[in-house]
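Thanks for coming, everyone. Please have a look at the next slide, and then I will walk you through one interface and two residues.

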Protein chains: 4
Amino acid sequence: MSTDARFDGPSALDPVEVNAAVRALFPGSNNECVELGPDFAVARVVAGPDAIRPGGFISGPTQFGLADAVLWYLTFAAVGRIEPMALTSELSMRFLRPAVGPELWARATLEVAGRRNVVGSVRIWVHDEDRPCSIAQGTYALPWPSAT
Amino acid sequence: MSTDARFDGPSALDPVEVNAAVRALFPGSNNECVELGPDFAVARVVAGPDAIRPGGFISGPTQFGLADAVLWYLTFAAVGRIEPMALTSELSMRFLRPAVGPELWARATLEVAGRRNVVGSVRIWVHDEDRPCSIAQGTYALPWPSAT
Amino acid sequence: MSTDARFDGPSALDPVEVNAAVRALFPGSNNECVELGPDFAVARVVAGPDAIRPGGFISGPTQFGLADAVLWYLTFAAVGRIEPMALTSELSMRFLRPAVGPELWARATLEVAGRRNVVGSVRIWVHDEDRPCSIAQGTYALPWPSAT
Amino acid sequence: MSTDARFDGPSALDPVEVNAAVRALFPGSNNECVELGPDFAVARVVAGPDAIRPGGFISGPTQFGLADAVLWYLTFAAVGRIEPMALTSELSMRFLRPAVGPELWARATLEVAGRRNVVGSVRIWVHDEDRPCSIAQGTYALPWPSAT
């Protein structure tokens, strides 16, 4: 259980900064930060041919990768800085509907930001945010000792 | 992945009916259905002395029990009938803040209702819904063959 | 991700000590520690009438309560002391088979013990450990700053 | 809760068949089935440069992708046939230790195989199976109506 330290002011970060930092740190990532606020982040990924599994669906790991990325961006927003060593400690996903389309969107919502962890909920969709293809919840651990 | 059969009309059930049926079926339950709509349910439980763990917090299992109950009520609403043999197939919880207070509230939101499963997200709080003490996501399996 | 500090020697604790401490700290708990080693714990609970849900099954929350308890005992064993303020940070359960019988057993296996967290896997059964009625994985957060 | 239909005889499938079928169905997958039995599957993946995240660790999504794949192979073994339309319904992962090395291994263990679902546990490691870098549990839904 986290001591509560919800970030109150507007986030000092914007998507351009986040994307530049992530490209430099983790060039293998195709995910893109689209929007960022103190308690949410929006991301998307274009589904390349490698992401398509039997049935024409965007694969589960592609969805997991986007969920993981959007929670990372949310963590940056929640702590107010790019924190490359924030690491996923756990993430659970539920797949609800086939994901058919050219790109995938995700919104992460901050549930709590503490000294040790940031917890968020994620919704992933193709065309309609109200009909998610998957949902997730997960935890990022902040580096120890945390500078927060 | 569920074939989508989201319930469109208003739920035919109300909390009084749900509570009467649950009391008859499962007299051990202390949880109470407070509000019910086609895609949500609200529940509460009064935390008796057995529910208090070290530190004065309402215990995790009490929170799990309420999450499980509110998802059951949501399942009834989503399929439009009391379905005693709908069973939890999986549920994951994250504990965010100490739960200190006399009673616990929970809101379940429908994520998808299919022929086989109902999936929902849950938020649990003591005083302020915007500062949840725990969050959960889970799946109820409908009886086989489903009458839906 | 936890810095690894797996406890090597035999646990200094035994089930009698654990049960005495838990009874004092958390009198509402019916769960009992049966066996304890440096990287495992075994627990059981007698299912009272309140624990029986429609169909004659031991309820999900009773199973969750036992899973949560056995992970707490495992945490004590892993850190080598009764640690009342170790708190569940997350726990996910999957229900596999009906739990029909007078009592429930659980075994927790240590996955990692770090400075901040203890993670374990749990198997719950009625008659046969090889046919679990549910499985779980979860995380206990150690108090901050941890004395370990 | 699944009606129990655990596969008793030896699996009719072998890794060569599984890999050939998966390469044909899902050419984007780099994961490889290494071993297969009626109640387990072993898989590995070579971590390409795109899989490395800050700190030199094999990324979480790469680990998720391998967990998802090894549960798919386990599902094939449990139902005794290649079942391309078996789909992940939920999967939760816990990250325990940094994953540093050239390749990742995973072992899935069957928890239950029913008419509707197959549930398994997964352990992922780089050098030593007893020191996993992550663990997972998840559910594959079988196509409806299932031929099993």
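Start at the interface of chain B and chain A: the rule finds four salt bridges across it. A salt bridge here is a side-chain nitrogen of Lys or Arg within 4 Å of a carboxyl oxygen of Asp or Glu. One of them joins the side chains of A:Glu111 and B:Arg123, at 2.6 Å from N to O.

A word on ground rules. This is a predicted model, where local features need pLDDT of at least 70 and side-chain atom pairs count only at pLDDT 80 or more, while totals for chains, interfaces and linings use all residues. Residues are numbered from 1 along each chain as its sequence is written, chains are lettered from A and ligands numbered from 1 in the order written, and side-chain values use heavy atoms, with hydrogens and water left out.

Back to the interface. Nine residue pairs are in polar contact between chain B and chain A, both at pLDDT 80 or more. A polar contact is a pair of N or O atoms within 3.5 Å; within protein, one must be able to donate a hydrogen and the other to accept it, and residues adjacent in sequence count only if both atoms are side-chain atoms.

Which residues of chain B touch chain A, by class? They divide into 10 nonpolar, six polar and nine charged. Nonpolar is Ala, Val, Leu, Ile, Met, Phe, Trp, Tyr, Cys and Pro; charged is Asp, Glu, Lys and Arg; the others, Gly among them, are polar.

Chain A also gives 25 residues to the contact, and chain B gives 25. Contact means heavy atoms within 4.5 Å. 100% of the interface residues of chain B are also interface residues in chain A, so the copies meet through the same surface.

Now B:Tyr140. This residue lies in strand S8 of chain B; strands are DSSP runs of E, at least two residues, and helices are runs of H or I, at least four, numbered from the N terminus. B:Tyr140 is buried, at 2% relative accessible area. Buried means under 20%, exposed over 50%, partly exposed in between, with a 1.4 Å probe and protein chains only. Its side chain makes a polar contact with that of B:Thr88, at 3.3 Å.

Last, B:Ser59. Look in the loop between strand S4 (57–58) and helix H2 (60–79) of chain B. B:Ser59 is buried too, at 2%. Its side chain makes a polar contact with the side chain of B:Thr62, at 2.8 Å.
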